[in-house]
Amino acid sequence: MDSFSEKDPTQSAERQRKASSLDSHNLSYEQLSNSSSPNSPKKSRPISMFVHPQEKLSTQTSEVMNNTNFNIMPTPENTIPPSIPFPLAPEVDVASVSSFKTVETNNTGDQESLYSDGLERANDPQGIINMLCELDGGLGIALERVKQDVVSAKEVATFLKKRASLEEEYGRMMIKLSKSLQESHHTNDTKQGSYGDSWINMLKLHESIGENRLKFAAAIQEISEDVSILYKETDKTRKNLKDSGHKHEKAIQDSETALEKARGKYESHSEDWERTILQKNGDIPPTSKPRTLTKVFSKQSKSPTQLVKMEEDARNKAEAANTTYKLHLTATNATRHDYYEKHLPRMITTLKDTADECDVGLQYNLARYSYLFENTMISDALVITPVNEDDGPALRKIVEQINNDVDFHSYVQSYGAKTRRKIKNLDIPYDQYNMSEQAVNIMNPKNIFGVDLAEQMQRDGHEVPLILVKCCEAIEQSGGLKSQGLYRLSGVKSHIERLQALFDRNAEAVDLSAEEHIADVNNITGVLKLWFRELPDPLFTREMYQEFINASKIADDKKRVLALHERVNNLPDANYSTLKYFMGHLNKVVENQEYNKMNAQNLSIVFGPTLMGSPLVNNPDQSQNDGAGLNDMGLQCKVVETILLSYRSIFVME
């Protein structure tokens with residue numbers, strides 16, 4: 001038995017697909033291409049400078065066809081050996097399905113041979129077709145090459161289309177600009193005389209350039225449409241040939257699959273027949289036979305009559321399988337010969353012709369574009385600088401014709417004749433401009449943020465800062481005392497910053513009763529807390545910080561109140577009046593704690609660090625000062641809470 005049955009069917013199919021030339025029974029690709037190339041129609045060229053490669057072969061191709069008659073389709077006689085009495089399995093030509101010669105490209109020598117052969121055929125279009133037919137995946141290579149042509153042509157069409165759009169827009173805008181300026185020249189206060197005449201001539205010259213560009217844009221658009229038609233037709237042909245190639249390849253694969261099944265049945269029945277012959281003659285099968293033979297002979301012995309019957313049945317089945325196998329082999333070889341000898345060369349030739357037509361057409365249209373581009377540039381140059389004087393003056397001469405001195409003299413004379421008035425008074429009196437109050441406030445702002453309380457009192461003449469009075473009144477009058485989370489919730493940062501700018505500009509002009517301000521009472525409380533935080537010296541002053549902290553440490557409530565009362569009285573006048581007013585306001589907040597949920601303790605947490613600040617420490621590192629204030633936060637809150645709870649005894653009953 002031959003070793004064909006032991007090979008992997010996948011490897012066999014792969015080897016068959018790599019077949020690149022036919023055996024001695026087949027026609028050479030050179031003969032085949034000569035017989036099929038006349039079927040490819042000649043392509044008419046738009047200009048004589050580009051000659052299609054197919055036209056060079058037309059003469060010799062027709063001569064070959066007149067002297068040659070090929071039979072492309074294989075016959076069973078070409079592929080199947082002469083019929084003989086039914087042979088045993090070893091004598092069957094099971095390798096005939098792989099009768100095609102293969103080209104192994106794994107070896108370096110074969111690769112160099114293919115490369116040198118490709119160089120020899122590079123300048124021969126028919127040689128390129130033959131090389132593609134011989135290569136594995138030649139159809140795919142040709143399809144990919146045509147795809148490159150399609151993509152390149154599409155790219156050129158896109159460029160030309162966009163270029164035409166740009167040129168058209170440029171031309172239209174140039175004409176529109178030139179005409180509009182010509183029409184408005186005499187109505188506007190522009191210079192007349194020699195300058196006006198030269199300016200009108202320059203605009204007319206630019207109008208001519210715009211007309212040239214419109215013609216150029218129309219021509220480019222036409223080329224773009226031609227290239228679009230070219231790449232669409234090329235792509236259509238490519239897709240049709242691709243589908244046709246897939247169809248033929250599928251037919252070959254289906255035929256080879258059926259052949260492999262028939263070969264398997266043939267070998268199986270031949271093996272059974274061989275086994276019955278050995279069993280009939282009583283021979284012991286060799287050890288290399290499949291293990292199934294041992295199983296057969298291990299069974300109970302058959303009678304001679306049964307053995308004869310078994311051998312006859314096995315022979316009939318083997319003969320039928322052999323006939324089926326030969327039929328499939330003939331059909332498969334016919335399909336393969338038909339594809340590799342007829343359809344594949346035809347499709348590759350058509351793809352080569354399509355690629356050539358697209359290449360030449362694309363090159364021709366690019367040449368058209370180049371000629372038009374050059375012609376347009378020359379036309380613009382002739383408009384700017386004409387060769388003949390009859391065509392008008394050049395742009396440079398138009399500019400040189402301007403005489404500024406004469407134009408100015410003419411202008412003065414024309415207006416001097418209209419008026420005879422003399423200048424009587426050389427001095428113009430000074431007339432001071434009175435700015436609005438708002439503008440004056442912007443130029444000379446009265447800042448209150450970051451300004452010491454004593455300085456504000458002396459500058460503004462108010463015992464209590466206006467910002468504190470206005471904010472507290474706005475909160476109390478707008479019903480803000482019942483707002484839940486009053487002073488605890490934050491407002492909108494941008495609105496707070498806007499209020500800060502208004503107060504810094506002119507606190508007296510700020511109206512917090514406006515709807516935009518009272519819409520959210522948290523914005524008013526936010527700007528008030530910000531003002532307290534930005535005081536250079538906190539409300540309780542850094543100098544008296546430690547005294548208030550020490551007083552807050554007294555455990556006895558009455559003694560603590562008395563100590564804090566004494567220290568409050570020692571505050572500077574501005575700080576004392578401000579603290580008294582603000583504590584009166586916070587006392588009203590505490591009285592409404594049922595609604596706003598803000599008792600004295602909550603308010604002390606909010607305002608303790610703000611009103612107390614940090615202690616006065618002789619340390620340049622401000623971060624350490626702030627750290628000391630954080631350590632005393634609980635005591636700070638205790639100071640504010642005690643004063644707030646004892647508001648009446650400290651401030652009212654004095």
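Helix 20 and helix 25 are roughly perpendicular to each other, a label given to angles of 65 to 115 degrees. Their axes come within 10 Å and cross at roughly 95°. Axes are lines fitted to C-alpha atoms, for helices over the stretch in contact, and angles run from 0 to 180 degrees between N-to-C directions. Helix 20 spans residues 557-569 and helix 25 spans residues 633-645. Arg-560, Val-561, Leu-564 and Val-568 of helix 20 meet Lys-638, Val-639, Thr-642 and Ile-643 of helix 25 (contact: heavy atoms within 4.5 Å).

The model is predicted; local features need pLDDT of at least 70, side-chain atom pairs count only at pLDDT 80 or more, and totals for chains, interfaces and linings use all residues. Residues are numbered from 1 along each chain as its sequence is written, and side-chain values use heavy atoms, without hydrogens and water.

The protein has 26 helices and 2 strands (DSSP runs numbered from the N terminus: helices H or I, at least four residues; strands E, at least two). Of its 654 residues, 39% are buried (under 20% relative accessible area, 1.4 Å probe, protein chains only). Among contacts with a separation of 6 or more, 81% join residues 24 or more positions apart. The accessible surface is about 38,700 Å² (Shrake-Rupley method, 1.4 Å probe). Carbon and sulfur atoms hold 51% of that surface.

A nonpolar surface patch is formed by Phe-408, Tyr-411, Val-412 and Tyr-415. Patch residues have over 30% relative accessible area and no salt bridge, with nonpolar side chains joined within 5 Å. A salt bridge is a side-chain nitrogen of Lys or Arg within 4 Å of a carboxyl oxygen of Asp or Glu. Together the four residues expose about 460 Å² of accessible area. Val-412 lies in helix 12, residues 404-416. Val-412 counts as partly exposed because its relative accessibility is 43%, between the 20% and 50% limits.

How values were computed
Patch = residues over 30% accessible without salt bridge, like charges linked within 9 Å, V, L, I, M, F, W, Y side chains within 5 Å. Parallel < 35°, antiparallel > 145°, perpendicular 65-115°, else oblique.
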